[in-house]
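Please keep the sequence and the structure in view while reading.

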Amino acid sequence: MKQPLALFLLAVATATALPAHAQLLPQAASGKQPLDRIVAVVDEGVILQSELNEAVRSVQQQYASQPGQLPPMDVLQRQVLDRLILMKLQVQRANDQGIRVSDADIDQAVSAVAQQNKMSPEQLRAAVEQEGSSFAAFRQQLAEQLIAQRLHESVVRDSVNVTDSEINNLLASPTYKAGEIHLAHIQISLPSGAGATDIQAAQRKAEEAIAAAKGGMDFHAAAIRYSDAQDALDGGDLGWRRMDEVPPAFADAVSGMKPGDISPALRGPTGFHILKLIEQRAPSRQVVPEFHARQILIKPSELMTPEQAQQKAQELYSRIVNKHEDFAKLAKDNSKDNTTANVGGDMGWFPQQAWGTIIGQQITQLKDDQVSQPFQSEAGWHILQRLGERQSDLTDQIERDQARQAIGNRKAEQAYEDYLREMRSGAFVNILVPDLRDPTPQGKSS
């Protein structure tokens, strides 16, 4: 299904680290704002009926070819309003902390959206306006998402640390599981300080969701209808995750499942979770090429212009190739790379991209013992000599790196989820339209 341009995407609010592949496709807000009513007061801000209508319209556009996956309108409106409230709170909190985004940041985000939609920024603007929306409002939505992302980064940076002992303990644990799984989930959250009534209501809702999913309702549709996670409107799809990234209790549940299976309601620290295992794949050995090389780096400085640096590099290249002078001695005497000059320019063994893209490209074009022509990078002018190539099994090293990332991601996800729950429970939120209030006893909205 080709997705429309005006997608409702507030998942950035709870991203653990926005991964490099994360899409940034915000909703397009209406350019014409008629006089309308306030549907919710959020601390010092408000949410208007027109904002809610536009956000709901964006979700409906996203599922235009599969409208049956959407819940009834009253449920959809409450879900969308809850996400608007959470975004409003994050932007307010970020503003209080002095978190800002520049016009250049927004321009870069606009370019990213355009590229994802295979458009130029000018074509993107035309498409937004053709939908009857304001491009200025579109940019404002992008700005709010970027602000929420930076708030997330700030919270995670200050609260997440991974030690070598934690990595060792994870890898040595009998419950450690390798491989990757593709999961979808439904989350029924509990408010901060939930009582028995809240827990019973959440458990009943979880059982209803399981019955619907096992009774023939598409799991993604069930997630849209029942889940209150921030990815609910995306069908609860968690994508591919390494087993060590999944909380241990969930990994244990998934380990006994086959693709297509749905778990019972699992009680977690923030509520009940229902998992569906979509696919899984086993781990494989990570064998990669490594190169051994040495380099001479000539940097421009206050005493050496860029042209003089290039000329110096060309002179050293001629001394190595034509006069057969010793590469290591010339590196010691002339190279300005602090990490390699004292050892004759020796860079040791390294994967192709370890020293950057430019050196990575050069190293593959050389044969063993061949010396490159001088080439330029941001650091200066390089002369590179390739000394060898080998295939290295980096499985253990990569496994440690992945374990560190998995522990960090897990901590970050939990830290930010706790942050959002505390922020939401401590905020003044007054939903003025009775039909938009959550009918369950969860939450503290007025």
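Helix H7 (residues 196–214) lies across strand S3 (180–189), S5 and S6, and runs at about 30° to S6; such angles lie between N-to-C directions on a scale from 0 to 180 degrees, with axes fitted to C-alpha atoms, for helices over the stretch in contact. Helices (H or I, at least four residues) and strands (E, at least two) are DSSP runs numbered from the N terminus. The model is a predicted one, in which local features need pLDDT of at least 70 and side-chain atom pairs count only at pLDDT 80 or more, while totals for chains, interfaces and linings use all residues. Residues are numbered from 1 along each chain as its sequence is written, and side-chain values use heavy atoms, with hydrogens and water left out.

**The sheet with S3 to S6**

- Four strands form this open sheet in the order S4-S3-S6-S5, with antiparallel pairing, where two strands count as paired if DSSP finds at least two bridges between them.
- Strand S4 (237–242) and strand S5 (266–268) are the edge strands, each of them pairing on one side only.
- Neighbouring strands of this sheet are turned by 40° against each other on average, direction ignored.
- S5 pairs with strand S6 (residues 271–281) in the antiparallel sense over three bridges, and Leu 266 stands opposite His 273 in S6.

**The sheet with S7 to S10**

- Four strands form an open sheet in the order S8-S7-S10-S9, and the pairing is antiparallel.
- Strand S8 (346–351) and strand S9 (375–376) stand at the edges with a single partner strand each, so one side of each is left without a neighbour in the sheet.
- Strand S7 (residues 287–298) and strand S10 (residues 381–393) pair in the antiparallel sense over 12 bridges, and Pro 289 stands opposite Gln 391 in S10.
- Helix H11 (residues 327–334) packs on this sheet and touches S7 and S10, its direction making about 60° with that of S7; contact here means heavy atoms within 4.5 Å.

**Loop residues with positive phi**

- Lys 118, in the loop between helix H3 (103–116) and helix H4 (121–130), has a phi near 55°, a positive value in a residue other than glycine.
- Lys 118 counts as exposed at 78% relative accessibility, given that buried means under 20% relative accessible area, exposed over 50% and partly exposed in between (1.4 Å probe, protein chains only).
- Asp 369, found in the loop between helix H12 (357–365) and S9, has a positive phi near 75°, again in a residue other than glycine, and Asp 369 is exposed with a relative accessible area of 52%.
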